[in-house]
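Trainee: Please take me through one part of this structure in close-up, and tell me what the words mean as you go.

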Number of protein chains: 2
Amino acid sequence: MVTILQVSRQAGVSTATVSRVINNPEVVGVRTRERVLEVIERLGYRPNLVARDLASRSSRTIGVVINNFASVYYGFMLEGVEMALRNVGYKTIAESSQATSEGERQAWFSLLDRQCDGVVVHADNLEDDELAVLLDRQPTSVLLNRYLKSHADRCVYLDNVQGGRLAAEYLISKGHHQIATITGPMKFYQAKDRLKGFTQGLAQASITLDADLVAEGDFHEAGGEAAMAHLLDTQKPFTALFCHNDEMAAGAMETCRRRCIRVPEEISILGFDDVNVASHLTPKLTTVRQPLREIGAAAGILAHSLATGQVANSGLKTVFDAEIVERATVVDVTP
Amino acid sequence: MVTILQVSRQAGVSTATVSRVINNPEVVGVRTRERVLEVIERLGYRPNLVARDLASRSSRTIGVVINNFASVYYGFMLEGVEMALRNVGYKTIAESSQATSEGERQAWFSLLDRQCDGVVVHADNLEDDELAVLLDRQPTSVLLNRYLKSHADRCVYLDNVQGGRLAAEYLISKGHHQIATITGPMKFYQAKDRLKGFTQGLAQASITLDADLVAEGDFHEAGGEAAMAHLLDTQKPFTALFCHNDEMAAGAMETCRRRCIRVPEEISILGFDDVNVASHLTPKLTTVRQPLREIGAAAGILAHSLATGQVANSGLKTVFDAEIVERATVVDVTP
DNA sequence: CTGCCATATGTATCCGGTTACATCAAGAAA
DNA sequence: TTTCTTGATGTAACCGGATACATATGGCAG
C-alpha cells in the first residue's frame with residue numbers, strides 16, 4: 001500500500017504538504033500542488049481513512065442503526081440517510097440490531113467505537129430512560145422514527161397520531177361508520193399513537209371505537225391473519241378495517257380470501273407504511289404512506305448538523321405527516 | 001473519551017498490559033488482569049476501533065458492495081453475510097453502488113480505504129476485464145452472484161444455467177409445451193445464463209425455443225408489463241411463461257389482469273428469485289428460489305478465509321442451486 | 001546458593017495520517 | 001536598504017492503540 005510518506009518523498013516535499021494538497025489545496029503553491037497531484041496520480045495513492053480518522057478525530061461518517069437489512073422499510077430510510085449525506089460529503093455506515101434492545105445498544109456503541117461523527121438510531125426496543133441517558137451522553141446521536149419527549153429536538157419521526165387520525169378521517173369520508181382496526185404490538189409507541197389518532201379521528205365524527213373492533217397484531221403478516229380471524233369471529237359487523245401496517249393488511253386480506261369475503265366490496269381495508277407489498281397485493285392496497293426516504297434524509301442531516309456544529313436545527317423539518325395513497329381496497333359506501 | 005492510557009494509569013500498569021488484557025488475556029497475570037478489568041469496567045472504557053485498526057493493520061471487518069438498500073434481494077444477501085461473519089467475530093459494513101459501474105468502483109475502494117480485511121462485491125456493471133484486474137490486486141475480495149471464469153474460486157453465485165433449466169423442466173413436467181419467456185436485460189450474464197439453461201431444458205424435451213416467444217425485460221415490474229403485452233400481441237399461442245425475476249412476473253400478471261386473461265387457468269406463470277413480492281401476489285407466485293441468505297453467508301465466509309489465510313476454500317460451497325417453490329400460478333395441463 | 005528458564009510486565013517504536021507552530025523567502029512599505 | 005508582512009513549506013508532536021524486544025521476577029534443578 002502506498003502511503004503519504006512515499007508520495008511526499010517522490011514529490012520532494014514533506015508529508016504535511018501532501019496532506020494539505022488533499023485537504024486544503026488552496027493553501028499550497030500552485031507548482032507544488034500540481035507536482036504532488038501528479039505523483040499521487042502516478043502512484044495511485046489513496047489516503048488511508050483509518051489513519052486520517054484517527055489523526056483528525058473525525059470520520060466524516062454517520063452511523064445508522066436499524067432493525068435489519070432484509071426489509072425495505074429500513075432500506076428506504078437508510079437510502080434517505082445515505083443520499084442526504086452524500087450531498088454534504090459524508091458517508092453512511094449501517095449496522096443492524098436484530099430488533100433487540102441489546103442489539104440496539106451494541107450496534108450503537110459499535111458505531112461510536114468507529115468514531116462515527118454522529119449516529120442515527122432506530123431503536124424500537126430500548127426504554128425511554130436508557131435512551132435519554134444515551135442521548136445525553138452522545139450529543140450527536142439522533143432518534144429515527146421514535147419520539148422522546150425529553151429530547152424532542154433529537155428526534156425525526158412520522159407523526160403517528162396524525163397518521164392515525166388521517167386514517168379515520170379518510171375512511172369516514174368514504175362513508176364508513178363501523179370500523180375495525182388491527183394495531184401493532186401496543187408496547188410500541190407507534191401503535192399507541194396510531195390508535196390514539198385513530199380514536200381522535202373517529203371521535204371527530206362522534207364515533208366511539210368499539211373495543212371489540214380492536215385487535216392487536218404483531219406487525220407481521222401472520223399476526224394480521226390471526227387478528228382478522230379474531231375480529232370476524234366476534235361477529236360484530238364492520239365495513240372497514242384499518243391496519244397499522246401493510247403486512248398485517250396483507251394478512252387480513254388473506255383471511256378474507258380464505259373466508260370468501262370480498263375486498264373491498266364487503267370490507268374495505270386500509271394499510272399503513274406503503275412499502276412494496278402494498279402495490280403488489282390484489283386488489284392493490286390503499287394505504288397511509290410514510291415518507292420514509294424523507295424521514296431518513298432529515299435524520300441524516302440532523303445528525304450531520306449536530307456533528308459539525310452547524311447553525312442549529314435551522315428550521316429543519318423533523319416531524320413528518322403521513323398521507324393517503326389511494327389504490328383499490330377502500331370503496332365509498334356512502335348511500 | 002476514556003483512553004487506554006487513562007486505564008493503564010488508574011490500574012498502575014503500562015498501556016501494553018491493558019492492551020494484552022483485552023486481546024490476549026491469558027498471558028497476563030491473574031491479579032493484574034482482574035485489576036485492569038475492574039478499572040475498565042469502572043471507567044467504562046471502550047477501545048477505539050479506529051486506533052486499533054490502524055495499529056494492528058486489520059479491521060476484523062468485511063465490506064459489502066450492493067446495488068442499493070431498498071431492496072430485499074440485496075437485503076437478504078447482506079443479512080447472510082452479516083450472520084455468517086458474526087459467528088466468527090467479524091463485522092460487516094455495507095456500501096451501495098447505485099447500480100453504476102462508477103458506484104461499484106467507488107464503493108469497493110472506499111471499503112478498502114477503510115481497511116476492510118476483505119470485501120464482498122456485488123458488481124453487475126463492471127466489465128469482466130476490470131473485475132479481473134481488481135480481483136488480482138485485491139486478493140481478499142470476492143464476487144457475489146457473478147461468475148468470472150478467470151477467478152472462479154473467488155466467486156459465490158447461483159448456478160443460473162441450472163436455474164433456467166430447472167424452470168423449463170418444471171413447466172414441461174406440468175405438461176406445457178408452448179412456453180414463452182421474459183428475460184432480464186441480456187447484458188447481464190444472469191439473463192444470459194438463465195436463458196441458456198432454459199433453452200437446454202426445453203431441448204431435453206425436444207422443444208426449440210421460438211424467438212417470438214422471448215421478450216427482453218428490465219428486471220422491473222414495468223418492463224414485465226410491457227414485455228408481456230408484446231408477447232401477447234405477437235399472437236403466438238403459449239400456455240406458460242417463465243420470467244427472469246419475480247418483479248417482471250408481477251408486471252406480466254398485471255398485464256394479464258388488464259386483458260382479462262386468467263392466471264393460471266389460461267396462462268401459467270413462473271417467476272425467479274422468490275423475494276417477498278412473490279408470496280403477496282394474487283394468486284401467489286410459483287417461482288424459482290435463490291438461496292440468497294446462504295449465498296451471502298458463503299461469500300462472507302470465503303472473504304473471511306481469504307483475509308485470515310485459513311486453510312483454503314476447505315470445501316466451502318460456492319455454487320448454489322435454485323429450487324422450485326410451488327405456489328399457485330402454475331397448473332398442470334397434462335391432458 | 002547459583003544459574004537457568006519461563007512467565008509477567010514495561011519500554012519504545014510504529015501504524016499513516018493531521019496540524020500547531022516554526023521557519024524561510026520574497027514583495028511591500030518606509 | 002531595512003523592516004514588516006504575507007504566503008508557502010517544513011518540523012515535530014500527536015491521535016489511541018499494538019507489539020517486538022528488553023527487563024524483571026520467581027521457581028526449580030543442580
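**The surface near DNA strand C**

Mentor: Four helices each supply at least two residues of the surface near DNA strand C: helix 2 (15-23) and helix 4 (49-56) of chain A, plus helix 2 (15-23) and helix 4 (49-56) of chain B. Helices here are DSSP runs of H or I with at least four residues, numbered from the N terminus, and "near" means that one of a residue's heavy atoms lies within 4 Å of the strand. This is a predicted model, where local features need pLDDT of at least 70, side-chain atom pairs count only at pLDDT 80 or more, and totals for chains, interfaces and linings use all residues. Residues are numbered from 1 along each chain as its sequence is written, chains are lettered from A and ligands numbered from 1 in the order in which they are written, and side-chain values use heavy atoms, leaving out hydrogens and water.

The top contributor is helix 2 of chain A, with 5 residues. In all, 28 residues sit around DNA strand C, and the ones that come nearest are A:Ile4, A:Ser19, B:Thr17, B:Arg20 and B:Thr32.

Now for some polar contacts, meaning pairs of N or O atoms within 3.5 Å. A:Ser19 has a polar side-chain atom 2.4 Å from a phosphate oxygen of DNA strand C. For A:Tyr45, a side-chain N or O atom is 2.9 Å from a sugar or linking oxygen of DNA strand C.

Note on methods: Polar contact = N/O pair within 3.5 Å; in protein donor to acceptor, adjacent residues only side chain to side chain.
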